[in-house]
Amino acid sequence: MDGGHFIPKGKSSYWALKIDNIHPQCKGCNGFGMRNGTAAQQYTLWMQDRYGYDFVKNMFATQKNICKIYASEYEEMLKDFNDQINKHRKRLGE
């Protein structure tokens, strides 16, 4: 699985690391499918079902906003992500 970004991380520093923008995707959908297939349309519909039309519309409207993250914030994010990974590993019995 890949971490598929709804708003591509290369197009938005604001949404690049926001958890609501990143979801599991198979490698095919995240790569070829997003550029050349129907994965982008399917992802959009899924995002609207999950978060609502207005939230997705706001994501597009704010994708050019600038987000400066400092080293201490990255460290905190990394700790939170690792805590989530460990929680799910325990949940899955790993």
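This is a predicted model: local features need pLDDT of at least 70, side-chain atom pairs count only at pLDDT 80 or more; totals for chains, interfaces and linings use all residues.
D83 forms a salt bridge with K79, and the closest N and O atoms of the two are 3.0 Å apart; by salt bridge I mean a side-chain nitrogen of Lys or Arg within 4 Å of a carboxyl oxygen of Asp or Glu. Both D83 and K79 sit in helix α4, four residues apart, which is about one turn of the helix, and here helices (H or I, at least four residues) and strands (E, at least two) are DSSP runs, numbered from the N terminus. D83 is partly exposed at a relative accessible area of 39%, and K79 is partly exposed too, at 46%, on a scale where buried means under 20% relative accessible area, exposed over 50%, and partly exposed in between (1.4 Å probe, protein chains only).

Residues are numbered from 1 along each chain as its sequence is written, and side-chain values use heavy atoms, with hydrogens and water left out.

Over the whole structure, the search finds three salt bridges. In another of them, the side chains of D2 and K27 meet at 2.7 Å, N to O, and this pair links distant parts of the chain, since D2 is in strand β1 and K27 in helix α1 (residues 27-36), 25 residues apart. K27 is exposed, with a relative accessible area of 58%. There is also R89 with E94, where the closest N and O atoms are 3.9 Å apart; R89 counts as partly exposed at 44%, whereas E94, at 69%, counts as exposed.

Now to the pockets. On a 1 Å grid over the protein atoms alone, a pocket is an open set of points where a 1.4 Å probe fits, with protein on both sides within 12 Å along at least five of seven lines, and lining residues have an atom within 4 Å of a point. The largest pocket holds about 390 Å³ of space, and of the 14 residues lining it, I19, I22, H23, P24 and Q84 are the closest to its centre. Helix α4 gives the largest share of that lining, four residues, while β1 (2-5), β2 (22-25), α2 (39-51) and α4 (71-92) each supply at least two.

The second largest pocket has a volume of about 180 Å³, and its lining residues include H5, F6, K11, M34 and F60.

Methods. Grid points are joined across faces, edges and corners, and a volume is the space filled by probe spheres set on the points.
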